[in-house]
Each structure stands twice: as structure tokens, then as C-alpha cells.
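Trainee: Could we go through this protein together, one question at a time? I would like to learn how each answer is reached.

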Amino acid sequence: MYKGSESRHSVVVSTLLKVCFAFTYFCGMIKVRLRKKISQRVVSGHPWIFNNEIEKIDSEINGGELVEVYTHDKKFVNPKSQIIIRLLSRQKESEINDQFFYDQILQCWEYRKKLGYIENCRLVFGEADSLPQLIIDKFNDYFVIQTLALGIDRWKPAIVTALNKIFQPKGIYERNDVPVRELEGLPQQKGFLSEPFGTKIIINENGMKFYVDIENGQKTGYFLDQQDNRRTIQHIVNGADVLGAFCYTGTFEIHAAHYGAKSVLGLDISENAVQQAIKNAELNGAHNICRFETANAFDVLKQWGKEGRQYNVVMLDPPAFTKSRENIQKAITGYKEINLRGMKLIKPGGFLVTSSCTNLVNAEMFQQIINMAAKDARRRIRQVVFQTQSADHPIIWGMDNTQYLKFLIVQVI
């Protein structure tokens, strides 16, 4: 990691081909040596070490082990993952044990409390919280865990123990039913990590209540990353006719009704999501204002544009259009098209509320896409709000993958 082949700075890691790390030394551990000219990205503090930055591993590894990492020379090819090492700590005195995970999770909780995230929050946001590939969402007294790499998955019992000690939760559930685990040689699975409990719970957000389906909802059951952004529509929706596309379980739409919208229509291609949205509207007494329909937003918005339908506010919150650089152009085209169609449905002086959670589409690119859509729609826009994910999903500068959500409100003139 440092210039010169004599450097002996060591790092403790946990691998399968995805690894966790700390600057410390343990006798008898497997030694991993890095290339002399390791990339500046790692030297500057990025928590990933890729396989093409590894020169030598002095013993066979099965995956998930703690190892020592030194600077040196030679190469290693990993058949399962490009990322061979994920950093846990840069402290010399760190020991990777149960107490380490307790201390880290407690630190995450103290940080969220200082920011005001007491009831519902992303308690652990992977690399941004120095716990690589670990996701923990807190829904009041219930917790949902994802361990997305073998190195961190090996410490799942320690993580569960830490949660029990810190929170005495009513329940802990594992949502590891995600394909990325297969790249780690891990099975997809979900289930209880505590005594069984009813997995359809109710949470409070911004003065409203929402059902969370911990067992079968998308991701961990609910999108906490938009909880702050949902408040920003408060004034623009008052007295407005509102259309929401890709509404999922209706959180933005029900916020609009709560903030005084005259009418709200939500669209989603998933019938299950629409039924959940209807229940959420009933839960909040918004069922007379909010309607939800199962529909393909791309097709419906195009048709309604031809019919001349108009709304005061159009809200777009689509899923990620790509997770691969190979398909980035398709994602750009998709975002441009859906925003173009949305703008054509907005009355002059109305507002577009739009988001992108595609990590590979950065903030500058997203703004350019919206600008291109406006030009093609022959509409002029002015920015009202541009934000990212809520602060319980912290952003580490220089670590692009921690800043993924783009949230934009523009007036369409």
C-alpha cells in the first residue's frame, strides 16, 4: 500500500473473494501481498481491494477468513469476484471479534440518533459505515439484515448478538434473498434470526402510518432512503391534481394527500404493490383522495400525453434501470423517455418530482437527462429542489457507490 517493497504495514481482512479489513497483526494468519503500484483509490481510503491489485496469497483460502495484507509484488486471479478485499478498519489496535461488531453497530446507532433518526432508519449502510456489504434497516423495534458478502456473512451471529444487546428488539429478520449473494458462493435465503413474529408491521413516517411487509416487500420491505424527500413535496401538492408513476406502496402519493392534494392517482405495474398502496391509503384516511391502478407507466403516460391529460404535479420514482455499465445507454434512454412523457402531462407552471436510484447515473448525468427531456418536450424548467438519499444513508466522499439516489423537483413552464 505504500511506496517501497520494504513496507510492512499490515491489514486484517476477511475474504471469499470479498474481504473485510483492519490495520493490525495476528501471528499465523494467511498473508496477502499487494502489487507495488496499488491504485491511488485504495491508498486514498476506498474500502475495496480488487483482485487485480493482489500479487500473492501465501496459502490456500476457502473464503471468509481473516488474513494479513502487506504491500509487495505478484498477482492473484479470483474466479468468483473482482473485489478481493473489503476494509473493516484502519486502526492498528483493532481486533476483529464480537466486540468489534458491537462497537461498530453502537457507533452507527449513536450517529443516527444525533441526526434525529430514532424510530425508522438505515442503521448500517455497508461501506459508508465501515461494515462492508452489511445492511441493517430499523423499523421501530424490528430489524432487517442483509449480509451480501461471504466475509461479513461469517459474522452474522456476532451482528445478531450486538443488535440484541443494544436494542432488545421485538424481532430480527434476514432478507438475503438477493442474487448478488450467489457471486459470493452464498445461497439466497430469508427467515427469522429471532423468535418468529408477525412480519407485516406498521411504522410512522412524517405524521403518517405505513404498512411494511418485512418478509415479502421489495429489498428490506420499505424504501427508507426517500423518507426526507417525501416531505419536500408539501407545498407544491397543496390543492393540486397529482399523478404518481412507479408508486410502489403509495408513500409519495399518500404524503401528497396528507399535504392537501385535491386528487391523487398512483400507478404501478405490480398488482401486489397497488393493493398495499390501497391499504396504506385506508390506514391514513386518504382513500377518498388517492386512487391506485395497476398499469405499465411507460405505456400509460405515452397514451395520456396523446389524449391531452394534464396534472399540476407529476411524480416519477422508477426502479433502477440498470446495474451494469454495459446497459448504461439503455438506462439513459429510459430515464429521458419517462421524464419526457411526464413533462408533457404537466400544466404550465406545474411541477415534476423525479428520482433515479441507478448508481451508475451520477447527479450531473441525471440533471443532463432531465434537461434533454425538457428540450424534447419543448418545455422550460427551473430547479426547485435537488437532493440525495436521507442522511441515515451516509455519503463518503470519494466512494461513489455510497451516493446513489438523485431526487429532483423542477417547475415546468
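Mentor: Gladly! Helices (H or I, at least four residues) and strands (E, at least two) are DSSP runs, numbered from the N terminus. The model is predicted, so local features need pLDDT of at least 70 and side-chain atom pairs count only at pLDDT 80 or more, while totals for chains, interfaces and linings use all residues. Residues are numbered from 1 along each chain as its sequence is written, and side-chain values use heavy atoms, leaving out hydrogens and water.

Trainee: How many helices and strands does the protein chain have?

Mentor: Let's count the runs of each kind. The protein chain has nine helices. Its strands come to 21.

Trainee: Which side chain makes a polar contact with the side chain of Thr 354?

Mentor: A polar contact is a pair of N or O atoms within 3.5 Å; within protein, one must be able to donate a hydrogen and the other to accept it, and residues adjacent in sequence count only if both atoms are side-chain atoms. For the side chain of Thr 354, the contact is 2.7 Å and the partner is Asn 339.

Trainee: What kind of pair do the rings of Phe 321 and Tyr 335 make?

Mentor: Rings of Phe, Tyr and Trp (its six-membered ring) pair if their centres lie within 6.5 Å; planes under 30 degrees apart count as stacked, over 60 as edge-to-face and the rest as tilted. This rule gives 17 aromatic pairs. The centres of Phe 321 and Tyr 335 are 4.3 Å apart and their planes are at 35°, so the pair is tilted.

Trainee: Where does Phe 321 lie, and where does Tyr 335 lie?

Mentor: The two residues are 14 residues apart. Phe 321, partly exposed at 26% relative accessible area, is in the loop between strand S18 (311-316) and helix H8 (328-344). Tyr 335, buried at 0% relative accessibility, lies in helix H8.

Trainee: Which ring does the charged end of Arg 309 sit over?

Mentor: A charge sits over a ring if NZ of Lys or CZ of Arg is within 6 Å of the ring centre and within 35 degrees of the ring normal. For Arg 309, the distance to the centre is 4.0 Å, and the ring belongs to Trp 304.

Note on methods. Buried means under 20% relative accessible area, exposed over 50%, partly exposed in between (1.4 Å probe, protein chains only).
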